[in-house]
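Please read it with the structure open.

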Amino acid sequence: MFSFILRRFLSSVAVLLVATFLVYVLVAFAVDPLENLRQSTAPNKEALMEARVEQLQLDVPSPIRYLGWLRGVGGCFVGQCDLGVKWTTNESVIAVLGSSIVITMRLVLLATILAIIFGVAVGIASALRQYSGFDYGITFLSFLLYSLPTFWVAVLLKQWVAIGFNDFLVDPVIAPVVVIATSAVIGIIWAAAIGGDGRRRLAVFAVAGGATLAVLGYISATQWLLNPGLGPVVIGVTGVGLAVVVTLLSAGLRNKRALYSAIATALLGAALWWPLQFLFVEATTPLILGLAVVAVGVGVVIGYIFGGPDPGISARGAAITALLVALLIFVDRMMSAWYAYSNSSVIGGRPIATIGSQTPGLHGNFWVTQLDTFTHLLLPTMALVLISFAGYTRYSRASMLEVLNQDYVRTARAKGLTERTVIMRHAFRNTLIPLATIVPLDIAGVLGGAVITERIFGWPGMGTMFLRGLGANEVEPVMAFVLVVGAVAVLANFVADLVYAALDPRIRVHA
Amino acid sequence: MSISLPPPSLPPEGEHLENAIELKEVEGLSQGQIVFRRFIRHKGAITGSIVLGFVVLVAITSIGWGPIPGWWRWNYTQTATVLNPGGRPTLSLGGANGWHLGDYPFGQDEIGRDMFARTMRGIQQSLTVMVIIGLLSTAIGLTIGAIAGFFRGRIDNLLMRLTDVFIVIPILVTGAVLGKLVGGVGAIALALGLGLLSWTGMARLVRGDFLALREREFVDAARVAGASSARIILKHMVPNAMGVIIVNTTLLMSAAILLETALSYLGFGISPPDISLGNLIEQYQGAFTTRPWLFWWPGMFIVTIALCVNFIGDGLRDAFDPRQRRIPTARALRRTDKAAARMAARAASVGRIEEPGA
C-alpha cells in the first residue's frame, strides 16, 4: 500500500511538472509584455524597452525562466513561497493568490456541497420511482440543466432573481394567483416524489400544497420578507418535524428511543434559543463553529442517555437533528440582522447583489457582514448548483439502479428487512461508492470552470486573477492559477483512487 | 462493449421466461438492427434527432453554406433600416395580427442587422465546431486509448501519464492562452485546437474497455490465426468497443458546444465580425432589458442543440447497453393484470354458455 501511494505521488508530481512546464512555455510565448511600449511615442522608447527586457529577463529563453519560477515554487516546501511578482503593479503574486483562493474556495465548496446533497437526494428518489412521471420529469430537467451555458443562466438569474426580488421587496405582497399556483406546483411535485396509490398522492398533495399555501399567505400578509425571523416556536415545530424525518431515514420510526432522543434534542434546541441570543451579541466565526460542535456533542449525549440496546443509532440521529436545529437558530439570528442590513445606506433596500463578493464600505457587526457574504454568494452559487446538480442526479440515479439490481439487495429483501433498511443500509451506502470517486474530480472541474462564474459575477477570485494576468501580459498570476488548479486536479485523482480502494474491498492495490 | 447473449435455446421456465420473450423479439436480427430498434423506441432520442435535424436543415439552407446560396432574404452582415421600434421582432404567433413571420421574425440589432440570419450563422459555426471537436477528439482518444489498452506495460504507462498532463491543465486555460496567442480565430481553427485538447476522457474509456476486451477468447482466436496487432485492434476490438465510443462522442459533442460558447464568451473564441452563438450572447448580454430578443434567440438555440444531443446520447447508451431491459411500469403491470382477469372472466362466461350446448 505504502509503495503504491509513493509511486502514485511521484508520478503525480512528474505530471504536474510537465504540465506546468508546457503551460509556462506556451504562456511566455503568447504574452507580450512589451505591447504597450511598442505603440509608445516616448523619446526614450528603446531604453524603456531594454529596461523592461532586463527586468523581466525576456532575453532568457522561457524554459530557463521556468526553472527560476520552479525554484520559487519549490520554496513552498521549506516555507518561503515565491510565485513571482505581478510586474504591472509590483504586487507579490502569493499575496493576491492568498486572498483570491479563499474567495474561490468559498464559492466552489458551498456550491459543490449543496449540489451533492440535492443531487443525490433527487437522483435516488428518481431511481426509486423508475419510469414514473417523476423520474421522467427529473431526467428531462437534469438534461435541460446540463445543456445550459453558465453565463446565459447567470444573466437570467441576475435579472429575475436579484433585480426581480429587489424590485419585489419594495412592496412585498405576493399576488393570490401566484400563491395558489406555487402551492399547487409544489404539492404536485411532492405527490409525484412520494408516490403511492391515488389516495396517498392526494393526501400528500393536500398536505404539501396546504402548507405552502399557509406559509406563503403568512409571508405575504405580514410582509415577513421586510423583517424576517423564525422565533422559538417555529424553530421548535420545524425541529420536531426534522427530528421525525431524520429518524425515519436513519433509524426507522419503530425505533422509539431514537425518535424520542431526536425530538428531545429538537425541543432542547428551541428552549436554548433565548439564552443563545445573549451569546450571539459578540459572535465570531470560531464561536459559531464551536457552538456547532457543541450542538453535535449534545445530540450524541442525549442519544446515549436514552440508551437502549443500540445507543449509537439514537446518538447519530440526535446529532444530525442537533446540527439541523443549530442551523435553524443560526439562520434565525441572521434574519434578525436583515432589517438593519437591508436598510443600511450602502445597500439601500436592494439586498441581493449581482456583482462582487462583498459590499464595499459596509460597516456592521458579525451578523451583518455574514449576511452580506451570503447575499453575494447567492447568485453564483445558484448558477453553479443548477449545473452541477444535473450531473449528480444522473450519477446517483444510475448508481442506485445498478445497486438495486444486485443480488445482495434481493437477499436483503428476501430475508424480510423493511424497505427502509434495504434502501438506506444496503443500497444507499453502496450507491455512494462510485459517487465518492466522482466528487474530487468534480471539484477540480468546477475549480477550472470558476473562471466563467467569477467573471460574470465580478468575483475577485482565482479565475479573475488568471484572466487579468493574461490580459495584462503577466506570466506569474497565470501560472499561479494553473499551479493551484493543476495541484487540486492531481490531488483529486489521487484521492479518488484511494477512496475507491478504501470503500470497495474488491479493489486490491497491487504495489 | 460486446453484447453477449445467452444461448438461443429457450430456457424451460421460470425467471428466464422473460428473457426468452426478449430473445424471441430479436431473433435473426444483426447487432446493428437490434441497436437501431432499441434506439427508435427511445422517444427522447427520436424527438431529439428530429428537432436537431430540423435545426441543422434550416440553419444550412436558410442563409446558405459557403458558396451555396440560401433562401432567406438577408445575410448576417448586411445592415438595413430598423423596421419596428428598437428592432422588435416581426414574428407573431397569433393575437391581433394573426400568424405571420414578417421581414425580421427574430428582430434586428441596433444597426439593423437581421437577427434570424445572425442566429443561423451562429448555429452553423457552433455546429461546425461541435462536429469537428467531436470527430477529432474521438479519433485521437480512440488511437491513444486503443494502443495503451492493447499493448499495456510501458507504452500504457507513458500514454496514460500523457493523458494526465492534459487532464491537469483546465481546457479553458489552454483555450484562453491559445486564443490570446493567435488573436481572433475562425471556427475551424478553434475547433481543431480544442479537439487536440479534449480527447482525454475518450482515451481513458477506450483504454479501460480494451484492457477487458484483450482478455476475451475471440482475441486469442484471432492471434492464433495469425492476425497482426493492427488487424486485431481494427477488425476485432474496435467494433466491439463501438458502443462506448459512439455514446461518448455524442456526450463530447454536447460538451463541445458549451465549451465553444464559453470560450467565445470569455473573448478567446470566435470573435467578431464572425459569429457564434456564444459571442452573440456575449455581445448582447447588456441588452437584456432593452432588446431581450437579441439575447434570447442564441441562448435558446444553444440549449436546444445541447439538449437534443444529450437526448440522442442517452438513447444511444440505452440502445448499446446489453443489460438494458424494458422493465414494465407498475401501471402497465396493473393494466395487463386487469386485461388478463377480463380475459379469464370472459373465457369463464363463454365456457358456461358453451357447456350446456356441448
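1. Helix α11 of chain A covers residues 256–271, and its length agrees with expectation: 16 residues at 1.5 Å a residue should span 22 Å, and the end C-alpha atoms are 22 Å apart. The expected span is taken as 1.5 Å times one less than the number of residues. Helices here are DSSP runs of H or I with at least four residues, strands are runs of E with at least two, and both are numbered from the N terminus.

2. This is a predicted model, in which local features need pLDDT of at least 70 and side-chain atom pairs count only at pLDDT 80 or more, while totals for chains, interfaces and linings use all residues. Residues are numbered from 1 along each chain as its sequence is written, and chains are lettered from A and ligands numbered from 1 in the order in which they are written.

3. Which residues of α11(A) are buried? They are A:Arg257, A:Ala258, A:Leu259, A:Ser261, A:Ala262, A:Ile263, A:Thr265, A:Ala266, A:Gly269 and A:Ala270. A residue is called buried if 20 or more other C-beta atoms lie within 10 Å of its own, exposed if 12 or fewer, and partly exposed in between, with C-beta atoms placed from the backbone. The cover over these residues includes α10 (231–250), α12 (273–279), α13 (285–306) and α14 (311–336) of chain A.

4. The axes of α11(A) and α14(A) come within 8 Å and cross at roughly 25 degrees. That angle makes α11(A) roughly parallel to α14(A). Axes are lines fitted to C-alpha atoms, for helices over the stretch in contact, and angles run from 0 to 180 degrees between N-to-C directions. Angles under 35 degrees count as roughly parallel, over 145 as roughly antiparallel, 65 to 115 as roughly perpendicular, and the rest as oblique. The crossing of α11(A) and α14(A) is right-handed; the term applies if the near helix is turned clockwise from the far one by less than a right angle, and left-handed if anticlockwise.

5. On the α11(A) side of this pair, the residues are A:Arg257, A:Ala258, A:Ser261, A:Ala262, A:Thr265, A:Ala266 and A:Gly269. Those they meet in α14(A) include A:Gly317, A:Ala318, A:Thr321 and A:Ala322. Two residues are in contact if their C-beta atoms, placed from the backbone, lie within 7 Å. By class, the contact of α11(A) with α14(A) has 9 nonpolar, 6 polar and 1 charged residues. Nonpolar means Ala, Val, Leu, Ile, Met, Phe, Trp, Tyr, Cys and Pro; charged means Asp, Glu, Lys and Arg; the others, Gly among them, are polar.

6. A second pair in chain A is α5(A) with α20(A), which pack at an angle of about 45 degrees with their axes 10 Å apart. This makes α5(A) oblique to α20(A). Their crossing is right-handed. A:Val93, A:Val96, A:Leu97 and A:Ile101 of α5(A) make the contact with A:Glu476, A:Pro477, A:Ala480 and A:Val484 of α20(A). These residues divide into 7 nonpolar, no polar and 1 charged.

7. In helix α19 of chain A (residues 462–471), 8 of the 10 residues are buried, among them A:Met462, A:Phe466 and A:Leu470. The buried residues of α19(A) pack against α5 (93–128), α18 and α20 of chain A together with α6 (171–182) of chain B. A:Asn473, with a positive phi near 60 degrees, follows α19(A).

8. How many residues does each chain give to the contact between chains A and B? Chain A gives 32 residues and chain B gives 32 residues. On the side of chain A, α1 (2–30), α6 (133–146), α7 (150–170), α18 (419–457) and α20 (475–503) each supply at least two residues. The largest share, 10 residues, comes from α1(A). By class, the side of chain A that touches chain B has 25 nonpolar, 6 polar and 1 charged residues.

9. Chain B has 13 helices and 2 strands, and buried residues make up 41% of its 358 residues. B:Arg152, in the loop between α4 (115–151) and α5 (153–168) of chain B, has a positive phi of about 50 degrees although it is not a glycine. B:Arg152 is partly exposed, with 14 other C-beta atoms within 10 Å.
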